[in-house]
Amino acid sequence: MLKIIVPTMMLIPSTCLTATKNTWLSPTAYSAVIIILGMLVLNPGDTLMNTTGLLLGSDQISTPLLMLSCWLLPLMFMASQSSMSHNPAQQKRLFITALALLQLALMLVFMALDLMLFYTTFEATLIPTLMVIARWGSQTERLGAGLYFLLYTITSSMPLLIALLWVYNMKGTASITLLQLLPPMTLTFWTNTLLWTSLMLAFLVKIPIYGLHLWLPKAHVEAPIAGSMVLAAILLKLGGYGLLRITNLLTEQTTSSYILPLAVALWGALMTGMVCLRQTDLKSLIAYSSVSHMGLMTSSILTHNQLAPSGSMIMMVAHGLTSSMLFCLANINYERTHSRTLLLTQGVQLTAPAMTSWWLLACLTNMALPPTINFIGELTLMVSLFDWADITIFLTGLSAFITSFYTLHMFSSTQQGTLPTHIITMSPTQTREHLLMTLHSAPSIALIFMPQLMYCQ
Amino acid sequence: MMRTCRALLPRPGRRLRSGPGRLWDLPGDLQKTVSNFQNQLKENVTNLFKNPFFDEKRPPMQAEVVIAGGGVMGWSVAYWLKALEPRKNTLRVLVVERDTTYSRASTVLSVGGIRQQFSLPENIQMSRYSAYFLRTINVCQEHLGVAGEPAIDIQFNPSGYLFLATEERAAMLEENVSIQRAEGSEVILLSPTQLKKKFPWLNTDGVALASYGLEDEGWFDPWSLLTAFRRKAISMGVHHCCGEVTSFTMAFYDTVTPTGEERTVSHIKYARIQMPDSLEYCQVACAIVVNAAGAWSRKLTEIAEVESSVSKTKQIFKLPVEPKKRYVYVWHSPDGPGLNCPMLIDTTGAYFRREGLGGNYVGGMSPAEDEEPDIQDLEVDHEFFQEKVWPKLAHRVPAFESLKVKGSWAGYYDYNTFDQNAVLGLHPTVLNMVFVTGFSGHGLQQSPAAGRAVAELILNKKFETINLSRFSADRFLSGEPVLERNIV
């Protein structure tokens, strides 16, 4: 574990000390090397934890997400190069430092074996993200967006702290490995529901679940490209990861309070899909589509079905890559036309046909087209829900239909239609952008052939 | 003094109060206290939620449409962009105006007439649409009424325009009237005898024919229209700031036109706005820039084009819009035409109209080509009135032999030296600059229609209500003027 953490920590001084002409090159290359180091912990088929001591370890839930976050760091650097180009060198370094700190906190969350370390680093991810959104976002609304993001997450995780301390008190240990192995005690306290809610709420807000999702469109739209990428790809999955861990701990609670969030999440998946159809802002559309996908995942995890963890793992990795790719594509459009509205960026197939193929790939994966991993994940989640109750098939089927509807609407609005005369000539697509798209879609396609890397039993 | 003090001491039967007794009005007091408390709370809470970093003076960092120029054209475009967008908050629109007192703006210095008596069908259609707009201006959802605010009083006097023509120009006048009637305007032709009967104060010497507009012609208050557009646009979410667009950050591309020649086109990426009275500037990332700068449109276009001369391409396009100064005089004549007075345009080009109901009149004349006044400032030349305007008016209206000049002012026409008609459309080489300028004196009356046309061009990529493609800027490159014969 240290072989990943220490290099990520050292990324910060090395960025500050490199020459100005290597400001982007050096961290990108460095973080690419960290990816390779990260692959050393990938251990499919191993149900025991890779551990080094009491605090850090990885298992089948955390390893794919760890890999995803390592993979995305060089991509974030590549994507921000153009939009940060007019900032002075010191601010570029500060930006890279913020992202590196965020990466450090994320790695520690995914590798944490101690509940307190998990909670601390979970909260610690908020600070660098707030820095990135509020400092380098581009509208005045970014301050409100940062505030919403911060307050929603912090308020919902206060009860989480108390509940985790209760768990430590009751069980005598805060170590996740040990907690999984302890025999369950049947608890019938009247505070069962309260405990369940306080443990779940933070993750439900983070995922986000439909009623508590207001922070997400704001934060995603106002963040700069790197912020949007990391928010959509990883920070949402923190909620999913937490949910998976906590449902393991709560096996003894006999409470039926899981039904309400399940129903709300499922309904929300459908509702946010319909909201997508009415969006005029491209980034806002992609943000709502994230809520929709995550809603399906939440309801599946809450059914406590056996298929749910593997389905949600596949869905998390797949959605992370796809959503990040869509945000990158939206940013590429924005850099050329300085406009995010679907109205003014129509018909770009005529000016940048190479990007159209990437748009098509991103939209197809977003729609969960077979045989992509998005499809596998979505199907597994739908099956797990169907197993729990037959009737959910109507909602999940309808939600999948609406997903394809708005995705194709997004594709045809941006690519086809009359090209406005003021963007007839756009600057050509750069190699960096093509590389970015390749690095997003290649793992997605490669994983079709080896999904065992993401399964967990 | 001792006596009065003792008189004030409490005695049996005497109360301590010095004023008349008041009943303790518990419900009323409570009501007042509660409403005071509510107002205070509302104020405190709104202050709490006011973003301390949000600065009303500075523009946002990104706006889809930046409109340079806050006269009636700029605000009209802003209003129509918001009115015609498919969903709320699709576009962020920013209007940049450098002088919020409007001391030199053509809009507020205009005489404010509206007429349909043009010779180009497009001009007639624009004026007819604007007249319809002015008549329905207070309809809330459709036009400029804002719920909860007082109704707009545009002070539209529908007194009509009267064009007088000599023998030589009578045929052209008749032709123009037939074009106007074909478009649906209510314009009639009058012979000298009919003129004399209708307007007894008129001297029909030398007049062969006259055309009189019966409907939708007259004058209105330009300031009311400007503030109405402004108020409604701001209530719909248009951002505005006081500042001057001083430079653009552009990107250049080499392309080949359909005819085969090579051309360098450019794209405005950022607009740099200088804050008033300060060295500070703000960069706004923009997708489209609308040039609504009126008399200063050419200066703004040159700012956009100056970069291309740096890249050594020949400048193929120069916007032929220049400011031209025009004088307006106000006089009082007690024996004048009275209430039965249209906007009269004489055979010589002098014009006047009634102003208010007290015997005041407003008028002037466009000077000849070689007598153009200096445009450096807005000083009025009184000699011009004494020597050029008054004799002609006095000849036409004998009552004007005795008049007293009450005041005068001068304003700029954004004069299109090529063909005195509007320039509406995209710049040929700067791909995202849209012109809405060059109206040469009939801008105010066409502002609602022109604003709508430009908004449709931006949102739907083509004109929908009125086809104004003849007014595009390409006509300067191909050299075909679209001439308007009836310029005042």
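Predicted model: local features only at pLDDT ≥ 70, side-chain atom pairs only at ≥ 80, totals over all residues.

Trainee: How do you know that the span of H7(A) agrees with a helix?

Mentor: Compare two values. H7 of chain A has 30 residues, 142–171, and at 1.5 Å a residue they should span 44 Å. The end C-alpha atoms are 42 Å apart, which agrees.

Trainee: What comes after H7(A)?

Mentor: A:Gly172 follows H7(A), and its phi is positive, near 85°.

Trainee: Which residues of H7(A) are called buried?

Mentor: Buried means under 20% relative accessible area. Among the buried residues of H7(A) are A:Phe149, A:Leu150, A:Leu160 and A:Val167. A:Ser157, where the helix bends, is also buried.

Trainee: What do the buried residues of H7(A) pack against?

Mentor: Helices of chain A, including H5 (115–124), H6 (126–136) and H10 (215–222).

Trainee: What makes H10(A) largely enclosed?

Mentor: Seven of the eight residues of H10(A) are buried, so the rest of the structure largely encloses this helix. Among the seven are A:Trp215, A:His220 and A:Glu222. The buried residues of H10(A) pack against H6, H7, H9, H11, H13 (282–302) and H14 (308–337) of chain A.

Trainee: Now the two chains. How many residues are in contact between chain B and chain A?

Mentor: 28 residues of chain B are in contact with 31 residues of chain A. The area buried between the chains is about 2,500 Å². Carbon and sulfur atoms give 59% of that area.

Trainee: How many salt bridges are counted between chain B and chain A?

Mentor: One salt bridge. The rule also finds six residue pairs in polar contact across this interface, both residues at pLDDT 80 or more. Several elements give two or more residues to the side of chain B that touches chain A. They include strand S1 (62–68), strand S9 (244–256) and helix H10 (443–460) of chain B.

Trainee: Why is the pair B:Arg92 and A:Glu141 called a salt bridge?

Mentor: The cut-off is 4 Å between a side-chain nitrogen of Lys or Arg and a carboxyl oxygen of Asp or Glu. The closest N and O atoms of B:Arg92 and A:Glu141 are 3.7 Å apart. That meets the rule, so the name salt bridge applies.

Trainee: What makes this a link between chains?

Mentor: B:Arg92 lies in the loop between H3 (72–84) and S2 (93–97) of chain B. A:Glu141 lies in the loop between H6 and H7 of chain A, so the pair joins two chains.

Trainee: Are B:Arg92 and A:Glu141 buried or partly exposed?

Mentor: B:Arg92 has a relative accessible area of 14%, so B:Arg92 is buried. A:Glu141 has 39%, so A:Glu141 is partly exposed.

Trainee: What about B:Lys82 and B:Glu85?

Mentor: Their side chains meet in a salt bridge of 3.6 Å, N to O. Both B:Lys82 and B:Glu85 are buried.

Trainee: How do you know that B:Asp419 is buried?

Mentor: Its relative accessibility is 0%, so B:Asp419 counts as buried. B:Asp419 lies in the loop between S16 (404–416) and S17 (423–426) of chain B.

Trainee: Which residues does B:Asp419 touch?

Mentor: Leave out residues up to four places away in sequence; the contacts then are B:Arg475, B:Pro481, B:Val482, B:Leu483 and B:Glu484. A polar contact of 2.7 Å joins the side chains of B:Asp419 and B:Arg475.

Terms used:
Residues numbered from 1 in each chain as written. Chains lettered and ligands numbered in written order. Heavy atoms only, no water. Helix = DSSP H or I, 4+ residues; strand = E, 2+ residues; numbered from the N terminus. Expected span 1.5 Å × (residues − 1). Bend = angle between axes of the 7 residues up to and from the residue. Buried < 20%, exposed > 50% of the residue type's maximum accessible area, 1.4 Å probe, protein only. Contact = heavy atoms within 4.5 Å. Buried area = accessible area lost by both parts, 1.4 Å probe. Polar contact = N/O pair within 3.5 Å; in protein donor to acceptor, adjacent residues only side chain to side chain.
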